[in-house]
Amino acid sequence: MLNLCARQALDQLVRPFEDLVLLDQNCFRSEEGWKELLQLIPDSKIVKKLERKWTDDRSSDDKWTDLMDEIGASYPLKATRVSTIKFTIVYLSDVVDY
């Protein structure tokens with residue numbers, strides 16, 4: 001369970017994450033971008049599945065959907081895992097260009 005500040009910050013990220021990271025900048029389209037994303041996933045089975053599936057011609061939005069599907073299948077209570085990934089991408093990553 002996230003504390004109040006983290007929950008509020010995550011709520012503020014929902015729309016900008018989709019618009020900025022996935023659509024505008026398409027941060028995970030390139031191999032460099034999606035490999036950085038995969039480094040945030042601690043489950044090697046998920047990483048291996050996605051590495052085989054992803055190519056540079058798939059959009060960031062498609063790759064994010066793939067990732068959410070894999071996490072959801074492996075970890076039914078995925079909210080905290082996804083939140084951690086989003087925080088890392090937006091606040092600690094070099095992938096997003098402001």
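Started with burial: 38% of the chain's 98 residues count as buried. I'm noting here that this is a predicted model.

Next I looked at the overall layout. Among contacts with a separation of 6 or more, 60% come from residues 24 or more positions apart.

Then I turned to one helix pair. I looked up helix 3, residues 44-53, against helix 4, residues 60-74. Their axes are 11 Å apart and the packing angle is about 150 degrees. Angles over 145 degrees count as roughly antiparallel, so I put helix 3 and helix 4 down as roughly antiparallel to each other. The crossing of helix 3 past helix 4 is right-handed.

Which residues meet there? From helix 3 I list Ile 46, Lys 49, Leu 50 and Lys 53. Across from them, helix 4 brings Asp 66, Leu 67, Glu 70, Ile 71 and Ser 74. Sorted by class, I get four nonpolar, four charged and one polar residue in this contact.

Last stop was the loop between helix 3 and helix 4, where I picked out Ser 59. What does its side chain reach? I find the backbone nitrogen of Asp 62, at 3.1 Å from the Ser 59 side chain. I then set aside the neighbours of Ser 59 within four places in sequence, and was left with Asn 26 and Arg 29 as its contacts.

Notes: Residues numbered from 1 in each chain as written. Predicted model: local features only at pLDDT ≥ 70, side-chain atom pairs only at ≥ 80, totals over all residues. Heavy atoms only, no water. Axes fitted to C-alpha atoms, helices over the stretch in contact; angles between N-to-C directions. Helix = DSSP H or I, 4+ residues; strand = E, 2+ residues; numbered from the N terminus. Parallel < 35°, antiparallel > 145°, perpendicular 65-115°, else oblique. Left-handed = near helix turned anticlockwise from the far one by under 90°. Contact = heavy atoms within 4.5 Å. Nonpolar A, V, L, I, M, F, W, Y, C, P; charged D, E, K, R; others polar. Polar contact = N/O pair within 3.5 Å; in protein donor to acceptor, adjacent residues only side chain to side chain. Buried < 20%, exposed > 50% of the residue type's maximum accessible area, 1.4 Å probe, protein only.
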